[in-house]
Amino acid sequence: MPEVIFNGPAGRLEGRFHPSTIRGAPIAIVLHPHPQFGGTMNNQIVYNLYYAFAERGFSVLRFNFRGVGRSQGGFDHGQGELSDAAAALDWVQSINPEARACWIAGISFGSWIGMQLLMRRPEIEGFISIAPPANRFDFSFLAPCPSSGLFVHGDQDRVAPLKEVMGLIEKLKTQKGILIEHEVVAGANHFFENCVEDLVEKVGLYLDRRLGNPPRLPTPARSEPAERSS
């Protein structure tokens, strides 16, 4: 799991990158939760999604937004973080020019950033949006949503209550040409404490359906622990 440093709009950005051994492999980027509430690229959900993509043959990147870890700059209330995500996608594409597909995944604040990137980059053909805080951030830019994807929520989420998100999801489901799926993890709060395995299983089943049940690659060596907080 190589450590990588690449240039972002506010300076260097720190990441972890898993290159696929498959020629033309799809690429994926995983975006972490809110930087001001402890979110980092080593968040437990980010960490597990990273490996879920890697095990399915993706070249996958997770990285720290500006001001987090060794990434330079400071928190910019979303605008700068969106620019960071765009720079991350540019970097992955530059070293994977033959990639046949591109996916984005985000958790909470990261899902808000990821969906904005989805609107700006037509090459993104799939998304995973975990616990999107539709009650705290404006998702009205998804009009229309350009790609099919999956929303996952916990039914005990007090930070971004399920009922606050259902309006967004139901609106997107009415659009023609895309398919929006929604999974609810029973007993899970906003951080999916004690429910991460259930979350990752639902995401994995969705990816397998979308990808046509590809052969599973050997699990990459996990050389660092995931963070349980944030």
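This is a predicted model: local features need pLDDT of at least 70, side-chain atom pairs count only at pLDDT 80 or more; totals for chains, interfaces and linings use all residues.
**Stop 1: the largest pocket**

Now colour the lining by class. Nine of the lining residues are nonpolar, six are polar and one is charged.

**Stop 2: helix 2 against helix 3**

Next, select residues 79-95, which form helix 2, and residues 109-120, which form helix 3. How do the two axes cross? The angle is roughly 60°, and the axes come within 9 Å. The crossing of helix 2 past helix 3 is right-handed.

Show side chains here. On helix 2, pick E81, L82, A85, A86 and L89. On helix 3, their partners in the contact are F109, I113, Q116, L117 and R120. By class, this contact of helix 2 with helix 3 holds seven nonpolar residues, one polar and two charged.

**Stop 3: the loop between strand 6 and strand 7**

Move on to the loop between strand 6 (124-130) and strand 7 (148-154), and find P144 there. Which kind of peptide bond joins A143 and P144? The bond is cis, with omega at about -5°.

Stay in the loop between strand 6 and strand 7 and select A131. A131 is not a glycine, yet its phi is positive, near 50°. For context, most residues other than glycine have a negative phi, and most peptide bonds are trans.

**Stop 4: helix 1 against helix 5**

Finish with another helix pair. Select residues 44-54 for helix 1 and residues 196-211 for helix 5. Their axes come within 10 Å and cross at roughly 30°. Angles under 35 degrees count as roughly parallel, so helix 1 is roughly parallel to helix 5. Helix 1 passes helix 5 in a right-handed crossing.

Which residues of helix 1 meet helix 5? Pick Q44, I45, N48, L49 and F53 on helix 1. Facing them on helix 5, select V196, L199, V200, V203 and L207. Colour this contact of helix 1 with helix 5 by class: eight residues are nonpolar, two are polar and none is charged.

Terms used
Residues are numbered from 1 along each chain as its sequence is written. Side-chain values use heavy atoms; hydrogens and water are left out. Axes are lines fitted to C-alpha atoms, for helices over the stretch in contact, and angles run from 0 to 180 degrees between N-to-C directions. Helices (H or I, at least four residues) and strands (E, at least two) are DSSP runs, numbered from the N terminus. A crossing is left-handed if the near helix is turned anticlockwise from the far one by less than a right angle, and right-handed if clockwise. Contact means heavy atoms within 4.5 Å. Ala, Val, Leu, Ile, Met, Phe, Trp, Tyr, Cys and Pro count as nonpolar, Asp, Glu, Lys and Arg as charged, and the others, Gly among them, as polar. Angles under 35 degrees count as roughly parallel, over 145 as roughly antiparallel, 65 to 115 as roughly perpendicular and the rest as oblique.
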